[in-house]
Amino acid sequence: MCGIYGFFDRHGAGLDDAALAAMDASLVHRGPDDSGVFRRPGVALGNRRLAIIDIDGGHQPFVSDDGRIALVQNGEIFNHVELRNELQRQGVRFHSDHSDTEVLLRLYERDGLDFVHRLNGMFAIAIYDARHAPGGTAQPTLHLVRDRVGVKPLYVCDDGQRLLFASEIKALLAARTSPPELHLPALQHYLAYNYVPPPFTLFAGIRHVMPGTMLSLDARQQHERRWWNLAAQQPALQGFGQWQEELLAVLDDAVRLRLRADVPCGAFLSGGVDSSTVVALMARHLHAPARTFCIGFSDPRFDESPYARDAAQRFGALHRERLVAPDLLDDWDTALWHCDQPHGDASFLPTLEVARLAAAEVKVVLTGDGGDELFAGYDKYASFMADPALRALPDADFARHYIEHTGLFGEQARAALFQPWLAQRLAGVDSVRDVAAPWLQQAAHFDRVNQMLFLDTMLLLPGNNLVKPDRMGMAVSLEARTPLLDWRVVELAFRTTGDTKLRDGDKKHWFKRAVEPLIGADLAYRKKQMFTVPIGEWFRGPRRQWLHDLLFAPDALGARLFQPDTVRQLFDAHVAGSANHTRELRALAALELWARRFRPVLAA
């Protein structure tokens with residue numbers, strides 16, 4: 001786990017030392033153990049390292065023996081042992097003891113960009129290749145590669161001459177001299193989705209590289225392509241017994257691989273079906289008790305710690321839990337700084353708390369992230385599909401209804417919220433047509449349930465739900481690994497028809513049955529409890545004045561963007577208890593806190 005950064009200048013110009021040092025410094029939390037940079041005219045590849053594998057020999061960048069290839073990565077390659085053994089049998093020499101990053105370099109030397117298909121891991125990789133083809137026709141090239149589902153982040157900023165890249169947006173901002181400009185279409189998408197869907201960001205000129213994508217550029221051209229396409233899966237009819245056997249085998253191997261580390265490992269444990277499954281499988285492969293971590297709340301509506309405690313006892317784990325303060329909003333600014341963008345999701349705050357608890361004892365945790373998106377675990381899926389008429393809608397209408405149902409501010413709500421000038425600027429922007437519809441078109445062969453899940457896998461996971469464990473873990477230099485998002489599990493999930501996941505309102509229908517022998521019926525069928533905090537109640541009580549002062553400050557970003565009467569109506573109705581506008585107010589508050597930290601400017 002690391003942070004990477006760098007640049008490629010098409011004219012061979014450099015980037016001053018101060019800017020490169022600022023990029024490095026902005027990512028220290030991602031890699032406090034080591035730092036390194038490769039520089040040549042017109043290019044630099046930098047790395048901040050959190051040492052997990054090959055503590056002494058894993059220094060990055062890795063450079064080929066002839067000096068013409070350099071490589072850095074953020075992430076881990078979980079099958080690096082098998083890949084190294086294969087390369088060594090073919091006579092490839094390694095200089096490190098067992099670094100997974102050197103495996104990437106040697107595999108790229110052998111296979112070129114096809115190497116990426118051999119990887120089981122979470123990664124964002126940058127490769128500089130200055131080799132020349134016969135006749136001298138090839139140009140020195142930069143390749144950027146992101147993992148299949150976007151567990152590891154990667155952002156780029158390209159002005160036509162120079163491309164900057166980094167694991168976090170703040171590193172790109174550190175290298176620029178001009179203030180960041182607010183990207184208005186992304187603002188609309190944020191309000192529509194409750195997060196900024198990739199590849200958009202709220203910063204003009206900065207974009208999120210999509211999962212499963214590689215970007216290559218040299219002095220003359222740039223090419224971007226998807227190297228992994230989840231929509232290529234074809235759902236197949238399969239009996240439960242065969243599916244259960246395959247799922248449990250793949251999950252077991254996914255956990256086994258993710259326990260490879262030269263530092264202590266643990267797990268986040270809530271006592272829910274996903275995290276319990278992960279911990280149960282960890283117990284099979286560890287020689288000592290698994291270390292598990294959970295936070296608790298005094299309010300039983302949000303407290304999962306008794307369930308986590310029971311699960312830890314069942315699996316013989318060494319369990320740590322902490323009762324946290326009832327009001328976590330003092331951490332909100334910190335969480336948003338690490339995220340670089342606003343998120344309306346309140347669960348970032350308890351995730352930061354449990355990451356702090358775990359980081360005191362381990363450097364790696366396994367989590368249950370991804371199971372709800374793959375196997376239909378959220379209430380929103382059941383509530384949306386409860387209306388049979390929605391299944392028969394034309395594709396475009398289905399997409400619009402789904403986004404309106406699961407998103408935040410719909411079209412009419414945005415029309416009432418936006419200042420006239422903003423509404424005019426965004427008149428041609430459609431948050432369904434421009435964001436969701438292209439993905440659903442690729443998934444036209446899936447049934448309606450799998451279409452919903454595919455959309456959330458492509459957008460919600462990399463845009464929000466995977467940002468959470470990555471950024472909140474990295475805030476305290478903790479690596480989060482997600483075995484349920486092993487690519488084999490993901491592909492298996494989308495070879496399975498939707499009625500095995502959501503049947504008559506029963507969420508995770510087959511998944512719960514499959515893991516019941518592993519974790520027990522009480523954990524498998526326990527009612528899902530959202531990992532969140534009661535911000536809406538705080539807004540009515542102890543944080544009412546705080547919220548008022550934030551939203552209605554004369555210099556608030558919202559004062560320039562939004563109709564004050566509309567915001568006032570949302571606020572007044574909520575605090576009076578006549579309506580529940582928690583989600584809307586939460587998103588607007590997150591936007592203000594983000595704007596105070598990053599100071600985006602509005603273009604004329």
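How do the residues of the lining of the second largest pocket divide into nonpolar, polar and charged? They divide into five nonpolar, two polar and five charged. In this count Ala, Val, Leu, Ile, Met, Phe, Trp, Tyr, Cys and Pro are nonpolar, Asp, Glu, Lys and Arg are charged, and the others, Gly among them, are polar. The tour returns to that pocket below.

The model is predicted, so local features need pLDDT of at least 70 and side-chain atom pairs count only at pLDDT 80 or more, while totals for chains, interfaces and linings use all residues. Residues are numbered from 1 along each chain as its sequence is written, and side-chain values use heavy atoms, with hydrogens and water left out.

**Stop 1: the antiparallel sheet**

Select strands S2, S3, S1, S9, S8 and S10. In that order these six strands form an open sheet, and the pairing is antiparallel. Strands (E, at least two residues) and helices (H or I, at least four residues) are DSSP runs, numbered from the N terminus; two strands pair if DSSP finds at least two bridges between them. Strand S2 (34–40) and strand S10 (206–208) are at the edges with a single partner strand each, so one side of each has no neighbour in the sheet. From one strand to the next the twist averages 15°. For such angles, axes are lines fitted to C-alpha atoms, for helices over the stretch in contact, and the angle between N-to-C directions runs from 0 to 180 degrees.

Now select strand S3 (residues 43–49). Seven of its seven residues are buried, that is, under 20% relative accessible area, where exposed is over 50% and partly exposed lies in between (1.4 Å probe, protein chains only). In a regular strand, side chains alternate between the two faces of the sheet. In S3, Val 43, Leu 45, Asn 47 and Arg 49 point one way, and Ala 44, Gly 46 and Arg 48 point the other way.

S2 is joined to S3 by seven antiparallel bridges, and the bridge partner of Asp 34 in S3 is Arg 49. The two strands form a hairpin with two residues between them, and Gly 42 in the turn has a positive phi of about 85°. S1 also runs antiparallel to S3, again with seven bridges; here Phe 8 has Val 43 as its bridge partner.

Next, show strand S1 (residues 2–9) with strand S9 (residues 162–166). Five bridges join this antiparallel pair, and Gly 6 has Phe 165 as its bridge partner in S9.

**Stop 2: the second largest pocket**

Select Leu 15, Asp 16, Ala 19, Cys 157, Asp 158, Asp 159, Arg 162, Leu 164, Ala 175, Arg 176, Thr 177 and Gly 205, which line the second largest pocket. On a 1 Å grid over the protein atoms alone, a pocket is an open set of points with protein on both sides within 12 Å along at least five of seven lines, a cavity is a set where a 1.4 Å probe fits but cannot get out, and lining residues have an atom within 4 Å of a point. The pocket has a volume of about 230 Å³, where a volume is the space filled by probe spheres set on grid points joined across faces, edges and corners. Strand S8 (155–158) and S9 each supply at least two residues of this lining.

**Stop 3**

The structure holds zero disulfides, a disulfide being a pair of cysteine sulfur atoms within 2.5 Å. Cys 339 is in no disulfide, and the nearest cysteine sulfur, that of Cys 2, is 20 Å away. Cys 339 is buried, at 2% relative accessibility.

**Stop 4: the parallel sheet**

Select S15, S14, S13, S16 and S17. These five strands form an open sheet in that order, with parallel pairing. The edge strands, each pairing on one side only, are strand S15 (318–323) and strand S17 (479–481). The twist averages 30° from one strand to the next. Zoom in on strand S16 (residues 364–366), which pairs with S17 over three parallel bridges; Leu 366 stands opposite Arg 481.

**Stop 5: Glu 102**

Select Glu 102 in helix H3 (residues 100–111). This residue is buried, with a relative accessible area of 0%. Glu 102 and Gly 58 are 44 residues apart in sequence, and 7.8 Å apart in space from C-alpha to C-alpha.

**Stop 6: the largest cavity**

How many cavities of 30 Å³ or more does a search of the whole structure find? The search finds eight. The largest cavity has a volume of about 100 Å³. To centre the view there, select Gly 121, Arg 258, Leu 485, Asp 486 and Trp 487, the closest to its centre of the 13 residues that line the cavity. By class, the lining has six nonpolar, three polar and four charged residues.
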